[in-house]
Amino acid sequence: MLALVAAMLVGLATTLLVTAGWQISVHMSVAGGTVMVLCLAFGQAALLAALPAAAVGWSRLVLRAHTPAQVAAGTALGAVTGLTFALLR
């Protein structure tokens, strides 16, 4: 549980740092990190969580809240910071 909380804090801090200079998708950062942590914890079956994450990304684009680059960067940043969970557990 501590590893998960630490990974969430790392994700929050890095996302906020990037957002200060460029409007990265925080929604997708959370979604990407969630999918990564679920896959690390439960294996390939958790890849099904990528479907709702993709729906979130699609909605951010349809609502014109972000550009495709901002959505992709948010997803990648979330996934990379989700790896913090693997390093700490």
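A: Start where a helix ends. This is a predicted model. Arg 64 follows helix 3, and its phi is positive, near 60 degrees.

Q: How many residues does helix 3 have, and how far does it reach?

A: Helix 3 runs over residues 50–62 and has 13 residues. From first C-alpha to last it reaches 18 Å, close to the 18 Å expected at 1.5 Å a residue.

Q: Which residues of helix 3 are buried?

A: Begin with the general idea. An α-helix has 3.6 residues a turn, so residues three or four places apart point the same way. Now the case here. Ala 53, Gly 57 and Arg 60 are buried in helix 3. They cover an arc of only 60 degrees around the axis, which puts them on the same side of helix 3.

Q: What does the face turned away from that buried side carry?

A: That face of helix 3 carries Leu 51 and Trp 58, which are exposed.

Q: What covers the buried residues of helix 3?

A: The cover includes helix 2 (26–42) and helix 4 (68–88).

Q: What do the buried residues of helix 4 pack against?

A: They pack against helix 1 (2–21), helix 2 and helix 3. The buried residues of helix 4 include Gly 74, Leu 77, Gly 78 and Phe 85. Helix 4 has 21 residues and reaches 31 Å, close to the 30 Å expected.

Q: Which residues make the nonpolar surface patch?

A: Met 1, Val 5, Leu 9, Leu 12 and Leu 16 make a patch of about 540 Å². Of these, Leu 16 lies in helix 1.

Methods
Residues numbered from 1 in each chain as written. Predicted model: local features only at pLDDT ≥ 70, side-chain atom pairs only at ≥ 80, totals over all residues. Heavy atoms only, no water. Helix = DSSP H or I, 4+ residues; strand = E, 2+ residues; numbered from the N terminus. Expected span 1.5 Å × (residues − 1). Buried < 20%, exposed > 50% of the residue type's maximum accessible area, 1.4 Å probe, protein only. Arc of directions from axis to C-beta. Contact = heavy atoms within 4.5 Å. Patch = residues over 30% accessible without salt bridge, like charges linked within 9 Å, V, L, I, M, F, W, Y side chains within 5 Å. Areas by Shrake-Rupley, 256 points an atom, 1.4 Å probe, with all protein chains shown as cover. Salt bridge = Lys/Arg side-chain N within 4 Å of Asp/Glu carboxyl O.
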